[in-house]
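These notebook entries record what I looked up in one model. The sequence and structure come first.

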Amino acid sequence: MNKLEWLAAQLEQATTEREELAAQLEYERQRQTQLRPYIVPRIRRGIIGDSRYALRLRQQIKQAAQTQESILIFGEPGLEKDNIASLIHYSSPQRREPMIQLTSGLLQASGSELFGRSNGNPGLLAWVGQGTVVLNNIQDLPAELQPKILQLLATKTYCPVSRDPDKPPIPQPCPARIILIAERKAPEFVQCTAQQIKVPPLRVRKTDLRSLLDYNLNLYCRSRGIPKPSVTPEALRRLQAYDFPNNLRELTALVKRAVTQGEQATELTEELFWSTDTKKTRLRLNLLKTYPQLRAFLKSKFWPEGLNYGITTWVFALVVIMLFVGPQTRDQNVALNLFWAWWWPLVLLGFPLVGRLWCAVCPFMIYGELTQKLSLKLWPRELKPWPRQTAERWGGWFLFGLFALIFLWEELWDLPNTAYLSSCLLLLITGGAVICSLLFERRFWCRYLCPIGGMNGLFAKLSITELRAQTGICAAECTTYQCYKGGPAKGEGQETAGCPLYSHPAQLQDNRDCVLCMTCLKACPHRSVAVNLRPPGIELWTTHTPQSYEVALLFLLLGGVLMRRLPVVVERWDLPLDLAAFGPHLGAAVLALGLPAIAPLFAHALIQLSHRWLQTPKPRPWLELAYGYLPLVLGVNLAHYLDLGLGEAGRIVPVTMATLGITGVSGPIWVADPAVIGFLQGVTLWVGLLCSVILTQKIAKQSGRFLLPHHGSAIALTFLFWILILH
């Protein structure tokens with residue numbers, strides 16, 4: 001072969017290679033064009049966590065990646081099962097091959113896009129080659145296509161779709177790996193897959209929750225270019241107590257919402273994490289939809305700002321002054337009459353109807369807010385954020401101790417009949433509100449430390465009304481969270497400073513931390529906030545979280561009535577006790593405050609012994625069952641004050657005249673007959689007992705015979721106070 005022939009051969013070979021390369025490039029171009037709508041380019045994340053579930057899942061993924069066999073991945077919604085398929089593919093030797101994902105419910109019944117057509121365009125299985133095909137939601141696969149998929153899994157071959165029944169298609173080999181994804185184990189596909197991977201739900205991986213939370217926080221904060229906040233222990237515990245029905249997808253959404261809601265916060269508190277709970281929406285009637293005029297009133301300037309700063313401020317100041325400079329006995333001082341004979345019965349009657357509404361017009365925090373605004377104007381500064389962790393741990397016990405001291409002060413120094421001491425009590429509570437308002441933002445005193453607020457929050461759990469937000473609307477439409485943080489007017493939402501108690505209406509667990517000030521209703525531009533009628537105290541047997549200090553306060557309030565009836569106790573049982581002496585009186589008062597808790601504790605001890613010795617059903621924890629006594633405590637306190645409300649309160653006109661120094665003129669008197677008062681007191685006690693029995697049954701979710709000690713304890717307490725109050 002001469003040189004010319006050799007050059008011609010080389011040129012022909014180069015031309016052939018160029019044509020082959022051009023054909024290969026054209027094939028790759030067509031391949032990318034066909035696969036591009038379905039391609040999965042990368043892994044979103046690895047398997048996060050060190051629990052045994054996470055370790056096992058990693059091991060299963062590693063085993064699956066070493067083979068080219070078909071795999072079934074199944075688990076609940078929101079577990080990112082498609083990401084596990086990506087981990088398998090990109091950890092395998094075929095990682096450089098394409099991976100495509102198809103939605104089973106969208107495939108044609110003939111399977112033409114998957115298998116292709118005879119003498120026509122090839123299908124996706126032909127284009128993907130040795131890559132991976134993921135069939136998502138295999139349970140939605142068309143029934144006509146299921147046998148063909150089963151054949152593909154069993155024989156590793158498929159038949160293109162043919163339009164000519166006389167010419168059956170030739171089976172084609174399928175070197176691709178097939179991964180099936182389902183929300184439940186599909187028995188029809190188990191026999192045809194070499195490996196099945198069950199993805200554990202998030203609710204069984206609670207030990208991985210902290211790692212998952214940190215990962216999502218890092219990812220989201222890095223994408224927004226903001227510092228990563230920390231998560232408080234209370235917030236983590238709240239998340240660990242939640243079941244996450246939408247699993248990892250829901251956790252990701254909760255983290256994004258919490259970071260957005262907390263803005264530049266250095267830590268994420270439990271109030272920032274909230275989620276859908278269908279139990280919160282059952283058996284509710286939205287009053288704002290039923291009565292549109294109620295919405296207009298609650299969004300008006302009058303409620304509560306106009307009422308607070310136009311009426312309450314100067315009325316409270318007038319009451320305090322009259323208590324100091326006026327006559328010192330209740331039959332001659334109208335302010336003392338209003339405080340003990342009017343306020344106490346009315347506020348107790350209001351708890352079952354409007355919950356903690358009194359706190360919205362409470363003069364203590366009105367003066368606290370006025371002091372806060374004035375001090376910021378004269379001394380501009382940043383108020384301290386709430387020490388939430390410390391306040392959550394000790395705030396409840398502080399208000400319990402303060403309430404106990406107030407009880408003792410009332411009993412030993414006869415506050416109800418000494419005007420200036422009653423004024424000192426009002427000023428003491430106001431002073432606490434003012435000091436906390438000077439130090440901390442919003443109503444720190446009102447939420448954590450106020451003894452009256454603690455009592456109001458406890459009894460508000462029994463209310464038939466509630467303020468809540470519709471979680472779905474808040475999650476889907478809200479990005480500003482002005483009901484919680486405050487902000488300018490937006491849409492129909494008004495400019496507000498945010499919730500004074502730092503509570504989001506969509507994550508309220510009960511009525512304890514809502515004062516019905518309607519700030520959230522005024523701020524919301526989406527009409528998400530609702531004022532509902534609901535079964536009284538429904539959270540106590542559904543979503544309630546018990547608190548030890550609340551249980552202590554509950555029985556302290558019961559002991560307070562017994563303490564006020566000490567003279568009756570001494571007289572009725574002829575006890576050798578001199579209440580005129582300070583020492584014996586103090587000892588008897590302390591004993592009376594703690595005595596009513598003995599019977600319920602003894603009853604619960606009997607139930608626990610019965611469970612241990614007689615193998616009866618395991619009782620609910622004491623902290624949960626103790627709330628069953630709440631209606632009885634409210635009934636006993638109301639029965640105690642009915643005597644003043646239906647008797648002495650009706651003498652307000654002559655008492656007012658006496659306060660003003662007008663003598664010799666008798667004004668009108670409206671008082672009930674003692675028999676009527678006694679009847680109503682008795683009815684109140686027995687209604688409280690009946691409600692307590694029903695509530696205890698609801699909380700315990702057990703047969704009544706296993707709760708007989710608790711019911712007997714409630715009956716004994718009712719009978720004791722029936723004797724003392726109706727003596």
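Which side chain meets that of Glu-305 in a salt bridge? I found Lys-522 as the partner, at 3.0 Å from N to O. I took a salt bridge as a side-chain nitrogen of Lys or Arg within 4 Å of a carboxyl oxygen of Asp or Glu. The pair links distant parts of the chain, with Glu-305 in helix 13 and Lys-522 in helix 22, 217 residues apart. Helices are DSSP runs (H or I, at least four residues), numbered from the N terminus.

I noted the basis of the entries: the model is predicted, local features need pLDDT of at least 70, side-chain atom pairs count only at pLDDT 80 or more, and totals for chains, interfaces and linings use all residues. Residues are numbered from 1 along each chain as its sequence is written, and side-chain values use heavy atoms, without hydrogens and water.

I then checked accessibility (buried is under 20% relative accessible area, exposed over 50%, partly exposed in between; 1.4 Å probe, protein chains only). Glu-305 is partly exposed at 36%, whereas Lys-522 is buried at 5%.

I looked up two further salt bridges. Asp-208 pairs with Arg-205, the closest N and O atoms lying 3.0 Å apart; Asp-208 is buried at 1%, and Arg-205 is buried at 5%. Asp-513 pairs with Arg-512 at 3.4 Å between the closest N and O atoms, and both residues are buried. Shared partners join Arg-447, Lys-461, Asp-510, Arg-512, Asp-513 and Glu-550 into one salt-bridge network. A search of the whole structure gave 23 salt bridges.

Notes. Helices (H or I, at least four residues) and strands (E, at least two) are DSSP runs, numbered from the N terminus.
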